[in-house]
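Here is a short briefing on a structure with more than one part to follow. Keep the view open while you read, and find each residue as it is named.

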2 protein chains.
Amino acid sequence: MKTVSRIDLLRKSIGQARSAGKSIGFVPTMGFLHDGHYSLIDRARRDNGLVVVSIFVNPMQFGPSEDLAAYPRNLPGDSSGCMKHGTDLLFLPQEDAVYPKGFSTSVEVSGISETLCGKSRPGHFRGVATVVLKLFNLVQPDRAYFGLKDFQQFLVISRMVRDLDLNLEVIGCPTVREPDGLARSSRNVYLTPEQRRESCRISKALFQARDDVKKGEAQAINIKAMIEKHITLIPDSRIDYISICDADSLEELEKIDRRAVVLVACHVGKARLIDNILLNP
Amino acid sequence: MKTVSRIDLLRKSIGQARSAGKSIGFVPTMGFLHDGHYSLIDRARRDNGLVVVSIFVNPMQFGPSEDLAAYPRNLPGDSSGCMKHGTDLLFLPQEDAVYPKGFSTSVEVSGISETLCGKSRPGHFRGVATVVLKLFNLVQPDRAYFGLKDFQQFLVISRMVRDLDLNLEVIGCPTVREPDGLARSSRNVYLTPEQRRESCRISKALFQARDDVKKGEAQAINIKAMIEKHITLIPDSRIDYISICDADSLEELEKIDRRAVVLVACHVGKARLIDNILLNP
């Protein structure tokens with residue numbers, strides 16, 4: 001595995017792989033890697049000749065009152081994990097190379113960026129779309145891999161790639177969960193042991209929602225009430241949103257009469273946790 | 001010369017040229033080509049193995065009260081002009097392929113987009129940046145050519161290319177002028193014969209400004225007053241702005257103590273004309 005920070009060296013390595021006829025698979029991350037990330041790297045490894053992973057905690061996607069400074073980091077662990085999972089090229093850009101003096105360009109995906117997490121975190125998806133577009137332009141992958149845990153992010157990036165005619169495939173990979181069902185997230189480390197134990201109620205409620213729909217429940221309001229009841233039992237929890245949406249447009253649904261997704265965001269102690277599950281997939 | 005409308009066929013032709021080791025020069029236009037455009041194509045021809053010209057009247061960069069419907073078109077003339085000037089590939093995308101159903105992504109360059117023409121034409125540079133980025137992603141040029149007549153557009157695109165890490169060179173080419181000095185523009189056809197005759201006062205005032213600065217004039221206010229006096233003499237004219245700016249940041253200057261540019265926009269009858277000249281270049 002080669003580790004590069006400089007953009008010119010990245011471009012050189014990518015160019016060499018291209019010349020050798022290798023396809024390029026790319027996994028952009030903010031580090032503090034867990035099995036969710038590694039599942040993306042494994043998939044990229046299976047699909048491509050060259051696997052590139054980036055680690056960059058992107059300040060542009062954090063709000064002023066969010067956890068940028070506290071965001072967990074573990075570069076030695078990440079690096080050895082990437083190596084173990086067959087990464088060829090680990091890209092660790094410096095902040096002043098990503099956002100040089102006078103930086104003033106941003107990418108906005110309207111509509112699907114403005115609801116759900118976009119409402120709670122204004123500017124978040126603009127920051128995500130901008131940095132991901134920059135990374136795509138640097139790495140020029142054939143395929144890029146994102147976890148479906150961040151379902152709205154996956155939709156925003158997929159739309160951006162289509163709208164901007166980027167010549168690459170965006171691949172969404174299933175959420176990886178802890179044995180008790182909690183979605184893997186770098187932010188789970190913020191949880192106290194008790195909060196951690198109780199947070200499995202989020203995913204349990206989502207599984208229940210899927211089962212209820214399978215059994216014929218079609219009223220979003222009933223599903224949401226059931227989920228709310230479960231999450232309220234988690235100590236120190238505060239619900240941000242519980243939403244049932246069209247799985248393509250994120251349009252809020254009253255009746256579950258098409259491909260739909262139920263999405264949850266809630267604060268548990270110091271952590272803001274998100275999760276989702278497809279209904280009638 | 002090959003003419004293509006379909007994006008997949010464009011990508012195929014581009015891919016073949018790339019495989020053959022050709023560098024790609026790109027001239028994006030809105031058609032109704034004149035010697036200004038042809039000077040860009042000539043330059044692209046000198047610099048590159050493959051020359052791509054696009055013609056697309058981009059609705060996203062026109063305001064609701066602007067001249068989109070009236071914008072002049074002459075595809076047969078453009079096509080034979082492109083051929084004469086050595087174009088290899090003429091790309092004529094269809095509007096619904098550029099902006100498919102659900103299109104919702106835009107690119108914004110803050111700061112330098114918001115002043116001058118950005119103030120008079122809100123959303124204009126967002127439309128320009130977005131379509132140019134899309135065209136860059138489709139054509140993947142090594143070099144792209146823009147006329148310096150649209151000085152602010154040149155700065156916006158250069159900044160976008162840097163900020164988004166696009167791997168291409170943006171080349172600004174000198175304004176091409178009519179024998180009497182009027183900057184070549186597709187919009188000059190809107191002028192009546194008398195307006196056309198008198199419109200040379202714009203460039204004459206700019207040349208005068210350059211001479212005055214050369215002779216020691218350093219106060220922007222004096223230069224602007226001189227230009228205003230000239231332009232006011234054009235019949236049916238209405239000044240939009242006369243501005244003297246830092247040539248990199250477009251910051252308005254009171255004192256001409258660095259690389260500066262004087263920019264003018266004015267309505268003459270039905271036409272909105274722009275022109276500019278570098279001072280102390």
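**Briefing: one residue, then the wider picture**

B:Ile112 touches B:Gln152, B:Leu155, B:Val156, B:Arg159, B:Ser249 and B:Leu250, leaving aside residues up to four places away in sequence. The model is predicted.

**Around B:Ile112**

- B:Ile112 sits in a loop of chain B, between β5 and α5 (117-120).
- Is B:Ile112 buried or exposed? B:Ile112 counts as buried, because it has 22 C-beta neighbours inside 10 Å. The cut-off for a buried residue is 20 or more.
- B:Glu251 is 139 residues away from B:Ile112 along the chain. Their C-alpha atoms are separated by 8.2 Å.

**Where the chains meet**

- How many residues does each chain bring to the contact? Chain A gives 20 residues and chain B gives 20 residues.
- On chain A, three elements each supply at least two residues of the side that touches chain B: β5 (105-109), α6 (124-139) and α7 (151-163).
- The largest share of that side comes from β5(A), with 5 residues.
- By class, the side of chain A that touches chain B has 8 nonpolar, 7 polar and 5 charged residues.
- β5(A) also pairs with strand β5 (residues 105-109) of chain B. The two strands run antiparallel and are joined by 5 bridges.
- In this pairing, A:Val109 stands opposite B:Thr105 in β5(B).

**How the copies are related**

- Two copies of a chain are related by a rotation about an axis and a shift along it.

**The nonpolar core**

- In soluble globular proteins, nonpolar side chains tend to be buried together.
- The largest nonpolar core in this model has 163 residues. Those with the most contacts inside it are A:Ala129, A:Val264 and B:Ala129.
- Look at A:Val264 in detail. Not counting residues up to four places away in sequence, A:Val264 touches A:Ile202, A:Leu206, A:Ile227, A:Ile231, A:Ile242, A:Ile274, A:Asp275 and A:Asn276.

**Two domains in chain A**

- Chain A is divided into domain 1 (2-173) and domain 2 (186-276). Their C-alpha centres lie 26 Å apart.
- The contact between them takes 13 residues from domain 1 of chain A and 13 residues from domain 2 of chain A.
- On the domain 1 side, α5 (117-120) and α7 of chain A are the elements that give two or more residues. α7(A) gives the most, with 3 residues.
- That side of domain 1 divides into 8 nonpolar, 4 polar and 1 charged residues.

**A covered strand**

- Strand β6 (residues 143-147) of chain A is mostly covered, with 4 of its 5 residues buried.
- Strand β2 (residues 24-29) of chain A pairs with β6(A) in the parallel sense, over 2 bridges. There, A:Phe26 stands opposite A:Ala144 in β6(A).
- Strand β7 (residues 169-173) of chain A also pairs with β6(A) in the parallel sense, over 5 bridges. The bridge partner of A:Phe146 in β7(A) is A:Gly172.

Methods
Residues numbered from 1 in each chain as written. Chains lettered and ligands numbered in written order. Predicted model: local features only at pLDDT ≥ 70, side-chain atom pairs only at ≥ 80, totals over all residues. Contact = placed C-beta atoms within 7 Å. Nonpolar A, V, L, I, M, F, W, Y, C, P; charged D, E, K, R; others polar. Pairing = 2+ DSSP bridges. Core = buried A, V, L, I, M, F, W, Y, C linked by C-beta atoms within 7 Å. Buried ≥ 20, exposed ≤ 12 C-beta atoms within 10 Å, placed from the backbone. Domains from an automatic or database assignment.
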